[in-house]
Amino acid sequence: MSSEIFYDLASSTWGDEERRVVQRIFDQGRLTMGGHVREFEEAFAAKFGMKHAVMTNSGSSANLVGVAALCHRRARPLRRGDEVIVPAVSWATTYHPLQQYGLKLRFVDVELETINMDVSKLEAALTPRTRMVVAVSILGNPAALDVMRAFCDSHDLILFEDNCESMGSSLGGRFCGTFGDVNTFSTFYSHQISTMEGGVLLTNDTEIDHLARAIRNHGWTRDVPPGTIYERTADGFNEAYRFIVPGYNVRPLEVCGALGVVQLGKLDAIVEARRANAATFVRLFAGDERFIIQREHGRSSWFSFTIVLHPQLEIARADILAALRDSGIAFRMITGGSFLRHEAIRFFDYDTAGPIVNADLVHDRGFFVGNHPRDLGAELDRLRSVLDQAVGAGLPTATPGA
Ligand SMILES: Cc1ncc(COP(=O)(O)O)c(C=O)c1O
């Protein structure tokens, strides 16, 4: 049994430039919420063609701040008991802020091939209490964001895009993370770009931008220009410490902002390298019925490579995972699997819109292996041969072109 990792889940996207930036920021003195965070926010908004970007200390915090801002906006805020349509597969902190703000979740199953929400079920999920849809593009693969956008527009719903896994992906030539009224990103270590920890909220709505700036910073006016969510008075003493909305401290560090600027400059090259590996992965696995791989919809930035073992394949996932482990190939659950299968669900007010079948298959029969911004030819070859050996002939392999 090999204990050495030959093919890991993630690797650093940093080079010398990032290490120099870290040193420079610490030498400089100002460590939190200064010009570097602001510079990153401006570069980020420009890169994605949106008006406002607000950096937070994580993608989870961006989700929290986004939901909070929607609950505190002036016109038609979200209110306790309002319903939100969500996909059954995502990360825990896609859902937690919704619970924390008293919203009711309506879970919709995912498609087995894309692992994104099955939008043919959207109409069935709609009730008179529905106020929002949460769109998640799983592991780089664009969800049907255009369909969700049109659905939200026609039913006067908010579209919240949790794009924490899919920076650099696009659908119909438009970046994922720009379809929503509120859009969030993560710059955690294993993601497309890394600021160690970090997140971004992206919006064209100035009120949401200002609320998000207050909410990430104690509910304070300190970083918020007057005129939209408050007016400044002549009383300088009280103005300096004015709290206008219930908030948190989820502020990013200057070093994360400065790293973000450097990393954002590398995003296109990183995504290109990930796509080159994806082409190899797809060539090796496409058309093999035993392994259901993620079908690209739009242009994925390929966070990782997912495999769901065909439900009719008479082999336990545990045996496959053991073979991968023995061969030094790291693997893990696909995102968080089905959120309905986690203990945390007992704290939620929720129901399901139709049966949840594919999310369970993803949970029980799926796993992913890593993608990296460097050539993975040898790693993917080993993956292919280990899986071939472990699975055996199994189901008939589809004949190419059949
Ligand atoms: C879909 C999704 N949303 C939110 C998050 C949270 O991001 P972070 O780890 O930066 O808190 C993640 C994390 O991977 C995620 O996959």
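Accessible areas were computed by the Shrake-Rupley method with a 1.4 Å probe, and for residues only the protein chains shown count as cover. On this basis the protein chain exposes about 16400 Å². Carbon and sulfur atoms supply 52% of that area. The model is a predicted one, in which local features need pLDDT of at least 70, side-chain atom pairs count only at pLDDT 80 or more, and totals for chains, interfaces and linings use all residues. Residues are numbered from 1 along each chain as its sequence is written, and side-chain values use heavy atoms, with hydrogens and water left out.

The protein chain contains 12 helices and 13 strands. These are DSSP runs numbered from the N terminus (helices: H or I, at least four residues; strands: E, at least two). The C-alpha trace spans about 80 × 55 × 35 Å along its principal axes. The radius of gyration, taken over C-alpha atoms, is compared with a globule rule of 2.2 Å times the number of residues to the power 0.38. For 402 residues a compact globule would have a value near 21 Å, and the 22 Å of the protein chain agrees.

Of the 402 residues, 57% count as buried. Buried means under 20% relative accessible area, exposed over 50%, and partly exposed in between (1.4 Å probe, protein chains only). Contacts require heavy atoms within 4.5 Å. Among contacts with a separation of 6 or more, 73% join residues 24 or more positions apart.

A nonpolar core is a set of buried Ala, Val, Leu, Ile, Met, Phe, Trp, Tyr and Cys residues joined through side-chain atoms within 4.5 Å. The largest one holds 54 residues. Leu70, Val86, Leu98, Phe107, Met132, Val134 and Val362 touch the most other members. Elements that each supply at least two residues of this core include helix 4 (92–100), strand 4 (130–136) and helix 11 (358–365). Helix 3 gives the largest share, seven residues. Beyond neighbours up to four places away in sequence, Met132 touches residues including Leu70, Leu98, Ile158 and Phe160. Another core, of 28 residues, lies apart from the largest one. Its members include Phe285, Phe291, Trp302 and Leu383.

Phe303 sits in the loop between strand 10 (291–293) and strand 11 (304–309). Phe303 counts as buried because its relative accessibility is 9%. Leaving aside neighbours within four places in sequence, its contacts include Leu139, His191, Arg274 and Phe368.
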